[in-house]
Amino acid sequence: MNPTYDPATVEAKWYEIWESSGVFAPEHNPDGEPFCIVLPPPNVTGVLHMGHALDHTIPDVIVRRKRMQGYRTLWLPGTDHAGIATQNVVERQLEDEGLDRHDLGREAFIEQVWQWKARSGNTISQQMRKLGNSVDWGRERFTMDEHSSRAVKEVFVRLYQKGLIYRGNRIINWCPQDHTALSDIEVEYEDTDGELVFINYPFTDGSGHITVATTRAETMLGDTGVAVHPDDDRYRDAVGKTVLLPLMEREIPVVTDTAVDPDFGTGAVKVTPAHDANDFEIGRRAGLETVNIFTIEATVNDNGGRFAGLDRLEAREAVKQALSEEGFIDHVEERQHSVGHCYRCHTVVEPYLSLQWFVKVGPLVTPAIAAVKDGRTRFIPTRWENSYFEWMENLRDWCISRQIWWGHRIPAWYCDDCGEVTVARDVPTQCSSCKGHNIRQDEDVLDTWFSSALWPFSTLGWPDETEDLATFFPNTVMVTGFDIIYFWVARMMKMGLEFMDDVPFFDVVIHGLVRAGDGRKMSKSLGNAIDPLDIIESHGADPLRLAVIQAAAPGQDVPFDLEWVEGTRKFGNKIWNATRFVLGHLESHSVPASGGYPAEPGPEAAWILSRLGEVQGRFDELLDEYRFSDAYGLLYNFAWSEVFDWYIELSKAALADPAVADQTRQTLGVVLRDLLKLFHPAIPFLTEELWSELVGEGLLAGAGWPEVPTVAGPSSMSVFQDLVSSVRQFRSSHQLSPRRLLEMTLVDPEGVAEPWWNGQLQSLAAVTVTIGIAPKDDGYTRVVAGPVQGFLSLEGVVDIGAERARIQKALAATQADLQQAEKKLANSDFRDKAPPDVVAKEEAKAAEARAMVEKLQPQLDALGGK
């Protein structure tokens, strides 16, 4: 083996070997219980970012472990066509050539996008290989491949036939930049400083005016009514009257509606049915006219009169100025309000009346809520269930049409002869009603999330009844970030229950977002974004994976720090050197792939095997609960603190003893082998490399999970460790060389430490041991470990007077701390009024001081001090 661990060298070769071996396919364990995860499909335009490092490592840890446990495991990969994002990429390329998509025409532009995908669309797939994702590439899918397209058409037609898809004029979220509709969850809201403008609308009968308040003064150009609450006595006499719309000279009525909040502004609201969702409903109920004042670029159209041609923000200022000049402004208040932005380009979204396609979500929501409430699908952590319920219970119908070209084109055709709409799976040759041939397909495409909502079953072959669909649906687990519960998880639940009559997955494991070390969002504009590919280049994929999985507490954000990767890189070097040590005492490839545990282990072997079994048991429990950070934190500490720091050190003396040398070599081999297995899901490249040196039989990626036999470890190990640690602490405090031999008189009336007297205590503590009674004379320092006492002779080692003074000083300071803590705890006011955590902290401080006094006093007594 190379003397040092080099991640780049190790990681360069193994992925191709894994992939070509077929170990990632479920056929590797053909008789195992099915286990399936579908990968949240990254955008085809995407590149690996820190979110992926977490989002892909978690399911890979789950899948690799399940595969080793014998499950018939499928982790199915794929990419999303990402309609708006992908179209924008290609349109920017055309702009560089002085062209736009309309210059090419629809078919030529779509062909251009497919060509771009062929050139660049597999970038993220190659990067996933660098990260080590153990997906089955033979089943890779794309949301616009032929089979996905067929599934999308099938779902659209069935929902349309059931009356769950319809076309209608509704207020939608319109992005003036991308020129397309957005669903409610594609709008991100931000609190913004603005104004509440109070405008006087004069009654046409000359009896005064009614005052309305608005944050968007420009939309008053499209007002067709004023509304008040029917129980608001302030406006009882105003209801039924008409007012003259300022600047537009349009007569509009005062109506009542229970949706009006009497406490907002003056309690009277302007009604703009074409530019506000609530106003649209008020207008529909009151029979008000709808007047659209904006173009698709959000400039004022001819319906805006003298303000036509102005951008909406320019119009806002111009309208306010005109209202002020003509005496209609009552007053203006500063007000912070929530403003919606496009999730893609961050343009302020415009509520816009438009003819669009919608999914009627009401009938789909009820079973999706029930499936979580009755436990068929569970969220981990469970607190996210409340967010899911709240969202589902307040959903509006889903706008699914998008005014772009790249995507699943809506399978609806319009007859220009009779006006009939034909919705079909295949391209019709004639109108379904009049049989005419003058038909044209809808120009819009479906929301990208429409195809993604079918992902858990369309990827398995639906609508065909395939073997994969029968075997792997429902999926076992869905791993995703909390930020797409509503975008994706909720929609998969609705579609799975509607078309498969079952939940799409049993467990939804929610993780947080990877953030900068200070907790802020990672962003190029903030200069705090970290590229995982740079980390893989400099530190390796395995150190990055172990760093993020150790921070992956369910549902919690990860404040990423590069120091974590540096720490896990050092751990990789530690396990590399441990393997080199073991192979220095074993022949390569001499450790069996499973079994091989010593039949009658001695105390050292019994201890480490018992601890290995205990740790693996708890490790498996934690992973079954999706507590990744706790699981790998436990394993990491066990490997470093017990296997490397203790057992390997213990083995050095044992290897020198012919009576136990063979058993020690055997134990070293199986413990390290099982450690490689347990770490493999998190650090697959390194562990596979070490497996090839230590075991050499098959691939670790396809090996079985450890089955450690139950072994009773010696109860005296903790006593032994305390003794050694105390001697080492004594050396450190006196700057004594680790190699300097010290004399110890061991008092062990119960024989607790007897297994360690011969060899190990002398070797690890560098002491000569005499079994006896406590010395009567001065000149010793005492170390205590349970019922065992060790007396270290100070003669010729330290200045006894100086040592006595040092301990006296430490004891006095500790007693003072103890006295102060006990005095505070004895004060009833402190206990009654201080926060519980403060009281607990003081109690812990007192307990720690008391234990130190109990440790220092016997040492001082042994030196003849007081």
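Author: We will go through rings, cysteines, a helix, a sheet and a few backbone details.
Author: This is a predicted model, where local features need pLDDT of at least 70, side-chain atom pairs count only at pLDDT 80 or more, and totals for chains, interfaces and linings use all residues. Residues are numbered from 1 along each chain as its sequence is written, and side-chain values use heavy atoms, with hydrogens and water left out.

Reader: Rings, then. How many aromatic pairs does the structure hold?
Author: It holds 34 aromatic pairs. Rings of Phe, Tyr and Trp (its six-membered ring) pair if their centres lie within 6.5 Å; planes under 30 degrees apart are stacked, over 60 edge-to-face, and the rest tilted. Trp-18 and Phe-24 make a tilted pair, 6.1 Å centre to centre with 50° between the planes.

Reader: Which other ring pairs with Trp-18?
Author: Phe-685 does. The centres are 5.2 Å apart and the planes are at 35°, so this pair is tilted. It links distant parts of the chain: Trp-18 sits in helix 1 (residues 7-21), Phe-685 in helix 22 (residues 684-694), and 667 residues separate them. Helices here are DSSP runs of H or I with at least four residues, strands are runs of E with at least two, and both are numbered from the N terminus.

Reader: Is Trp-18 buried or exposed?
Author: Trp-18 is buried, at 0% relative accessible area. Buried means under 20%, exposed over 50%, and partly exposed in between (1.4 Å probe, protein chains only). Phe-24 is buried at 3%, and Phe-685 is buried too.

Reader: Which residues form an aromatic cluster?
Author: Phe-571, Phe-619, Tyr-632, Tyr-636, Trp-640, Phe-644, Phe-679 and Trp-705 form one cluster.

Reader: What lies over the face of Trp-137?
Author: Arg-129 does, at 3.9 Å from the ring centre. A charge sits over a ring if NZ of Lys or CZ of Arg is within 6 Å of the ring centre and within 35 degrees of the ring normal. Likewise, Lys-373 lies over the face of Phe-389, at 5.2 Å from the ring centre.

Reader: Which cysteine sulfur is closest to that of Cys-175?
Author: The one in Cys-345, at 3.5 Å, which is too far for a bond. Cys-175 is buried at 0% relative accessibility.

Reader: Back to helix 22. How many of its residues are buried?
Author: Nine of its 11 residues are buried, so helix 22 is mostly covered. Among them are Pro-684, Leu-690 and Trp-691.

Reader: What do the buried residues of helix 22 pack against?
Author: They pack against helix 1, helix 2 (50-68), helix 6 (123-131), helix 17 (541-550), helix 18 (562-583) and helix 21 (661-679). Contact means heavy atoms within 4.5 Å. After helix 22 comes Gly-696, with a positive phi near 75°.

Reader: Now the open sheet. In what order do its three strands run?
Author: The order is 19-18-20, and the pairing is antiparallel. Two strands pair if DSSP finds at least two bridges between them. Strand 19 (421-423) and strand 20 (439-441) stand at the edges, each with a single partner strand, so one side of each has no neighbour in the sheet.

Reader: Which way do the residues of strand 18 point?
Author: Ala-412 and Tyr-414 point one way, Trp-413 and Cys-415 the other, and all are buried. On the strand 20 side, Trp-413 stands opposite Gln-441.

Reader: Last topic. Where are the cis peptide bonds?
Author: One runs from Trp-462 to Pro-463, with omega near 15°. Another joins Phe-473 and Pro-474, with omega about 0°. Pro-463 is in the loop between helix 13 (455-458) and helix 14 (467-472).

Reader: And what is the phi of His-346?
Author: It is positive, about 70°, although His-346 is not a glycine. His-346 is partly exposed, at 39% relative accessibility.

How values were computed. A disulfide is a pair of cysteine sulfur atoms within 2.5 Å.
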